[in-house]
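Hi,

Here is the structure I promised to pass on to you. Have a look at it first, and then read on for what turned up in it.

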Amino acid sequence: MASADNSLSGSGQLSTDMLVIGGGIMGLWGAVKAADAGFSVILIDAGEVGRGASGGLLGALFPWMPDRWDQKKQYQFDALVSLPDEIARLEHDTGLNANFRRAGRIVPLPKPHLREIALRHQRDAETNWHQGGYRFHWHVRDGEPEPAYIDPTACAAGYIHDTLAARVEPRALMAVLKTWLLRQPNVRIFEHASLERLDAGRGRAEIVAHPPLPCRASPPQGGRSDVAPAAQHTPPISPLEAEMSRSDRWGYSSEPSITTITFSHALIAAGAASFPILQSLMPPLPKPLGQGVKGQAALLKADLDPTLPVVFLDGVYVVPHEGGFAAIGSTSENQYDDPLSTDRQLDTLIENARALIPALRDAEVVERWAGIRPKAIGRDPLVGPVPGHANIIALTGGFKISFGMAHRLADSALDHLLGRSTAPLPENFTLSGQISREIPG
Ligand SMILES: Cc1cc2nc3c(=O)[nH]c(=O)nc-3n(C[C@H](O)[C@H](O)[C@H](O)COP(=O)(O)OP(=O)(O)OC[C@H]3O[C@@H](n4cnc5c(N)ncnc54)[C@H](O)[C@@H]3O)c2cc1C
């Protein structure tokens, strides 16, 4: 991935219109939209951009069910249909490819009663997925979707073919976003720079910048050999670190340095770490604003056509990607000791995927991966100004669906600052909406 820029002013203090805390899918889209709006932007990441939950393998872009249509489902529909154009603009500007494909989704129907439900949804999709010049389907079909793609016993009662679902390569999209941002004159990115303290009233953030590590870890052993640009190891010294090592003011020290950034507005997009940051700005709550949910996934070298639809059955995702790879996911773990390790649960998932997709039976596992999804108290994205601190804006809580919505959630996050209403938020996407629903009284 391109390396982060750094041009620290000699004033001893950095200042910006928009401070973005966290460089995952949420923070990167937030920074893109803020830069588009003409703000000066500083994005900081405690580690390396795109190495949190967003640096994973799957990239499935699934719509919610087409029944019981509401503002939430409309919001997600609008996000899913607008995403390819948004990505294409950045791809055009950077010359990179995020490998977005509206591949669709197959849901096998092993039992007749599932088919009855699916047929109802087929009718719902005819109404709700046919709007604004778009028409997507939720076909219920008999037999097998593609010859020899899916184990026939899984499709005993037919299968659903949804044509709205899509997929993107997460690390490739991270690379597109980061590269685009680095080319903007009004954006600076600092890696290994972690928010320690936020003074919302004075618009000040205390940042700890970690010094260069003497040596960086290699890519994971057994990892994918022809990885996307974002998956390749970034340069060993981040620009902020480089600046620290050459600046008279900073000098060089093996200890972390602390600096202050003053800002007009801050986007809190630190993934699961966003919840305690946001909560520290609010009156005490009887329960956490959100939590991290661990997920494990794997990448297999597989002889699968990359245009095939994504398959989903009983919690198992199989996502064909370009270049002869398939991603498999995902566990969902509320309790875990090590957030980044993989274990027997992933083995079981791989076994289930191999049973479902014959082409995976002997496929080599080239990467095992784990990450922490940000799940907000109300299980929906958590976006918009913090009550009592209009300059601090949440952009988190994407849980399992961030990749399909982050670009639009970033629009929503900025709407009130720009006095516009491009993407009105469903009530349950806001902090006040989720808190009042989940913590009555
Ligand atoms: C196994 C698995 C499979 C998944 N599959 C899909 C899928 O198919 N489709 C989909 O849409 N979603 C999927 N998800 C969910 C998706 O990956 C997440 O919802 C999304 O990546 C969250 O993005 P984020 O930007 O909020 O957080 P992150 O990507 O975690 O980014 C947060 C960033 O903030 C930084 N940070 C944290 N604390 C600080 C601090 N104090 N100061 C500065 N920076 C900080 C971190 O270093 C990190 O880079 C999956 C998740 C997992 C784990």
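Which residues does N391 touch, not counting residues up to four places away in sequence? With contact meaning heavy atoms within 4.5 Å, N391 touches A200, G203, F263, S264, H265 and A266. N391 sits in strand β20, and the side chain of N391 reaches the backbone oxygen of A200 at 2.9 Å. N391 is also buried, with a relative accessible area of 17%; buried means under 20% relative accessible area, exposed over 50%, and partly exposed in between, with a 1.4 Å probe and protein chains only.

Before the rest, a word on where the values come from. This is a predicted model, in which local features need pLDDT of at least 70 and side-chain atom pairs count only at pLDDT 80 or more, while totals for chains, interfaces and linings use all residues. Residues are numbered from 1 along each chain as its sequence is written, and side-chain values use heavy atoms, with hydrogens and water left out.

**The chain as a whole**

The chain has 9 helices and 20 strands; these are DSSP runs numbered from the N terminus, with helices being H or I of at least four residues and strands being E of at least two. Of its 441 residues, 57% count as buried. Among contacts with a separation of 6 or more, 75% come from residues 24 or more positions apart.

**The cores**

In soluble globular proteins, nonpolar side chains tend to be buried together. A nonpolar core here is a set of buried Ala, Val, Leu, Ile, Met, Phe, Trp, Tyr and Cys residues joined through side-chain atoms within 4.5 Å. The largest has 60 residues, and I25, W29, V41, L177 and L395 touch the most other members. Domain 1 (14-57 + 171-289 + 378-438) and domain 2 (99-168 + 290-375) both give residues to this core, so it lies between them; the domain bounds come from an automatic or database domain assignment. Apart from this core lies another, of 32 residues, among them L19, A205, L278 and I377. As for W29, its contacts include L83, E86, I87 and L90, as well as L177 and A406, not counting residues up to four places away in sequence.

**Around the ligand**

The ligand is surrounded by 36 residues, and the closest are D45, S54, A60, F399 and S402; a residue is near a molecule if one of its heavy atoms lies within 4 Å of it. At least two residues of this shell come from each of α1 (25-36), β11 (193-199), β14 (290-301), β18 (364-376) and α8 (402-415). Of the elements, β18 gives the most, with 4 residues.

- A polar side-chain atom of S402 is 2.6 Å from an oxygen atom of the ligand.
- For F403, a backbone N or O atom lies 2.9 Å from an oxygen atom of the ligand.
- For M26, a backbone N or O atom lies 3.1 Å from an oxygen atom of the ligand.

The protein covers 92% of the 1000 Å² of accessible area that the ligand has on its own.

**Back to strand β18**

P374 lies in strand β18 and is buried, with a relative accessible area of 10%. The C-alpha atoms of P374 and A272 are separated by 4.2 Å, although the two are 102 residues apart along the chain. Strand β18 also meets helix α9 (residues 431-438), where L431, G433, Q434, I435 and E438 are buried: the buried residues of α9 pack against β18, β19 (382-386) and β20 (389-396).

Most residues other than glycine have a negative phi, and most peptide bonds are trans. N99, in the loop between α2 (71-94) and β4 (105-108), has a positive phi of about 55°. H192, in the loop between β10 (187-191) and β11, has a positive phi of about 55° too. The peptide bond from G329 to S330 is cis, with omega near -20°.

Best wishes

How values were computed. A polar contact is a pair of N or O atoms within 3.5 Å; within protein, one must be able to donate a hydrogen and the other to accept it, and residues adjacent in sequence count only if both atoms are side-chain atoms. Accessible areas come from the Shrake-Rupley method with a 1.4 Å probe; for residues, only the protein chains shown count as cover.
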